[in-house]
Amino acid sequence: MQRIAIYPGSFDPVTNGHIDIAKRGLKLFDRIIIAILLNPGKNALFTVEERLEMLNESMSGIDHIEFDTFDGLLVDYAQKRNANAVLRGMRAVSDFEYEFQLALMNRKLNREVETVFLMTGLRWIFTSSSIIKEAARFGGDVSDMVPPGVNHRIKTKFGF
Ligand code: PNS
């Protein structure tokens with residue numbers, strides 16, 4: 001039986017921290033499905049299509065990773081894709097409460113789906129899509145936090 005994990009998120013945009021988690025996740029799982037939540041309510045910088053393109057460009061050379069979108073409950077999507085795990089990265093203490101709630105709710109909804117956390121690499125501990133967008137909006141250099149193609153797209157988006 002293949003060990004398949006869903007790595008869900010907004011990926012608006014994908015960061016080096018996400019890529020690090022996905023690569024390390026491949027040591028634990030045979031296949032990882034990176035899945036973008038279709039969330040019209042959330043004000044995203046990039047469209048879902050753009051986010052998928054950036055994921056593809058950034059991780060095209062990595063085997064056993066695929067990209068998809070989902071809506072509705074994560075555990076339902078996981079079941080549909082025959083995945084019995086959800087992979088999430090954990091940064092500082094600030095992530096813990098939200099991740100804990102999410103993992104417990106998912107476990108309540110479906111006990112067959114386990115959540116696996118990987119601690120973010122120390123290099124990426126302060127890297128988040130939100131903080132990157134905040135800095136880049138005002139011309140801040142984020143080139144060491146995202147893949148080159150993503151950096152280019154962010155600059156274009158903000159007119160730099
Ligand atoms: O990158 P994010 O925004 O932190 O990812 C959050 C995500 C997509 C993992 C989470 O919002 C999610 O799984 N949403 C789908 C709905 C769901 O199943 N929620 C959990 C139980 S309430």
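The model is predicted, so local features need pLDDT of at least 70 and side-chain atom pairs count only at pLDDT 80 or more, whereas totals for chains, interfaces and linings use all residues. Residues are numbered from 1 along each chain as its sequence is written, and side-chain values use heavy atoms, with hydrogens and water left out.

**The ligand**

Helices are DSSP runs of H or I with at least four residues, and strands are runs of E with at least two.

Next, display polar contacts, which are pairs of N or O atoms within 3.5 Å; within protein, one must be able to donate a hydrogen and the other to accept it, and residues adjacent in sequence count only if both atoms are side-chain atoms. An oxygen atom of the ligand lies 2.7 Å from a polar side-chain atom of Ser10. At Leu74, a backbone N or O atom is 2.8 Å from a ligand oxygen. For the side chain of Arg88, the distance from an N or O atom to an oxygen of the ligand is 3.1 Å.

**Arg88**

Now select Arg88, in strand β4 (residues 85–90). Arg88 counts as buried because its relative accessibility is 15%, the limit being under 20% (1.4 Å probe, protein chains only). Its side chain makes a 2.8 Å polar contact with that of Glu99. Finally, display Pro8, whose backbone oxygen is 3.0 Å from a polar side-chain atom of Arg88.

Conventions:
Buried < 20%, exposed > 50% of the residue type's maximum accessible area, 1.4 Å probe, protein only.
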